[in-house]
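Student: May we go through this structure together, starting with its strands?

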Amino acid sequence: MSLSFSAPSLAIFCKVIDNYGDIGICWRLARQLCLEHGVAVTLWVDDLVSFRRICPEVDPAAAQQVILGVTVRHWQDQDGQFDPRDMPDVVIEFFGCELPPDYQQAMAARTPRPVWLNYEGLTAEDWVEGCHRLPSMQPRLRLTKYFYFPGFNARTGGLLHEAGLEARRHAFQHDPAAVTAFLGRFGVTTTAAAGRKVSLFCYPDAPVTALFETWRRSTTPTVCLVPEGVAPEQVAAFLGAAPVAGASANHGRLTVRVLPFLPQADYDLLLWACDVNFVRGEDSWVRAQWAGRPFVWHIYPQDENLHHKKLRAFLALYARQAPALTAYMLGWNGAQTMDDHDAAWNALDSALPAIAAQADAWRESVLAQGDLVTQLLDFVRDLRFAQENRV
Ligand code: TRH
């Protein structure tokens with residue numbers, strides 16, 4: 001369904017706090033709104049260098065550029081003069097980043113006023129159900145901002161999932177030549193890839209060295225593919241060399257190979273090509289769920305171990321039938337001791353076929369409510385209707 005009100009236009013404001021998740025999610029959201037719903041999207045982003053790592057088409061020196069139909073503007077500071085006539089129908093601020101004060105004034109001066117959403121982080125915790133769609137009055141501006149929470153059930157805003165994703169994934173995973181060609185781009189030959197293929201994306205404090213040691217001694221050969229910049233110290237120690245793209249080493253049953261940091265679309269192919277994926281943060285975690293392969297999630301760390309609560313909330317939903325997965329993920333995240341890494345991994349290894357078998361059911365249950373963008377536009381439409389009819 002597309003927006004029914006006239007001249008739909010929408011701005012997303014993205015402040016890159018850390019890493020690639022902020023821009024990774026905003027870029028996905030922008031593209032889907034534009035390509036599937038015909039929305040005229042302007043993406044304001046403060047860090048074009050980080051953006052370029054996931055999207056090589058980005059020119060980090062350009063104040064304004066159009067990529068795949070999305071207008072990308074470099075958000076340089078909080079200054080700037082804005083005209084109410086240039087304000088879009090909808091404004092999304094990502095993770096509560098503060099919009100430039102004059103932009104807020106211009107929104108307040110526009111008729112009708114833009115719908116203003118604050119797009120929040122993904123968590124499986126129950127409390128989001130009470131906060132999703134909640135209004136937050138901005139009395140000074142006489143504007144209302146609404147919270148939009150992604151989530152796993154119909155009382156939340158859903159997850160980003162573009163049209164055709166499932167068909168593309170299915171076609172790729174059932175086409176051995178396509179998988180071989182993709183891996184071949186990185187020097188992973190069919191022979192080298194014999195054995196289990198695993199992708200590794202995690203924060204630096206993950207017990208990567210223990211994992212490598214387990215795989216080195218395992219009876220199953222493993223090829224571990226690591227995008228450049230991930231766990232650099234542990235990877236360098238295994239390689240005995242700088243962990244630059246193309247570097248690789250084999251010890252025992254384990255081969256570790258460093259890949260270039262991939263464009264976002266290729267990262268999906270990597271997840272689809274591997275038998276097991278180690279992912280982190282938010283966006284790669286969601287993409288791993290769509291990949292239909294078992295995954296281990298390294299959650300973004302928060303003060304006072306708040307992230308352990310979030311991790312447990314997800315595991316209670318996702319891994320109820322897989323105690324070995326729960327135990328391994330708690331250990332991987334330091335939420336529980338994992339003194340015997342071999343035993344924890346071997347238990348998970350035995351459970352992998354059963355975990356893989358429930359991937360489709362999980363995806364279907366989450367998507368039963370519809371994808372995030374469709375739901376977000378429905379919410380915008382409801383708010384516009386209420387605004388126009390003063391409900
Ligand atoms: O980079 P991250 O650690 O981002 C994090 C999280 O989003 C976290 O919730 C947020 O609060 C914090 O940033 C500030 O992990 P994440 O979310 O998986 O985002 C990584 C993005 O990078 C994702 O869009 C996939 C993409 N990516 C590539 O495009 N190529 C690659 O080679 C890799 C490894 C990732």
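Tutor: A definition comes first: two strands pair if DSSP finds at least two bridges between them. Helices (H or I, at least four residues) and strands (E, at least two) are DSSP runs numbered from the N terminus. This is a predicted model, in which local features need pLDDT of at least 70 and side-chain atom pairs count only at pLDDT 80 or more, while totals for chains, interfaces and linings use all residues. Residues are numbered from 1 along each chain as its sequence is written, and side-chain values use heavy atoms, with hydrogens and water left out.

Student: Which residue stands opposite Ile92 in S6?

Tutor: The residue opposite Ile92 is Leu117. S5 and S6 are parallel and share five bridges.

Student: What about S1 and S5, how many bridges join them?

Tutor: Four, and these two strands also run parallel. Leu10 has Val90 of S5 as its bridge partner.

Student: Why is S5 described as largely enclosed?

Tutor: Because five of its five residues are buried, S5 is largely enclosed by the rest of the structure; buried means under 20% relative accessible area, exposed over 50%, and partly exposed in between, with a 1.4 Å probe and protein chains only. Val90, Ile92 and Phe94 point one way from S5, whereas Val91 and Glu93 point the other way.

Student: In what order do the strands of that open sheet of eight lie?

Tutor: The order is S3-S4-S2-S1-S5-S6-S8-S7, with mixed pairing. Strands S3 (64-67) and S7 (135-138) are at the edges with a single partner strand each, so one side of each has no neighbour in the sheet. On average, neighbouring strands here are turned by 25° against each other, direction ignored. Parallel strands S2 (residues 40-45) and S4 (residues 70-74) are joined by four bridges, and Leu43 has Val72 in S4 as its bridge partner.

Student: Which strands does helix H15 touch?

Tutor: Helix H15 (residues 372-389) packs on the sheet against S5, S6 and S8, and its direction makes about 145° with that of S6. Contact means heavy atoms within 4.5 Å; axes are lines fitted to C-alpha atoms, for helices over the stretch in contact, and angles run from 0 to 180 degrees between N-to-C directions.

Student: Changing topic, how many strands does the open sheet that includes S11 have?

Tutor: It has six, in the order S11-S12-S10-S9-S13-S14, and the pairing is mixed. Strands S11 (248-251) and S14 (295-298) are its edges, each pairing on one side only. S11 and S12 (residues 254-259) are antiparallel, with four bridges, and Asn250 stands opposite Thr255 in S12. Helix H10 (residues 283-291) packs on the sheet, touching S13 and S14, at about 155° to the direction of S13.

Student: And the ligand, how many residues surround it?

Tutor: There are 22, and the closest are Tyr203, Leu262, Arg280, Asp283 and Ser284; a residue is near a molecule or strand if one of its heavy atoms lies within 4 Å of it.

Student: Which ligand atom is 2.6 Å from a polar backbone atom of Leu262?

Tutor: That is a nitrogen atom. A ligand oxygen atom is 3.0 Å from a polar backbone atom of Tyr20, and a ligand oxygen atom is 3.0 Å from one of Gly21. The protein covers 96% of the 710 Å² of accessible area that the ligand has on its own, by the Shrake-Rupley method with a 1.4 Å probe.

Student: Is Ser50 buried or exposed?

Tutor: Ser50 counts as buried, because its relative accessibility is 13%. Ser50 belongs to helix H2 (residues 48-54) and touches Val16, Asn19 and Tyr20, not counting residues up to four places away in sequence.

Technical notes. A polar contact is a pair of N or O atoms within 3.5 Å; within protein, one must be able to donate a hydrogen and the other to accept it, and residues adjacent in sequence count only if both atoms are side-chain atoms.
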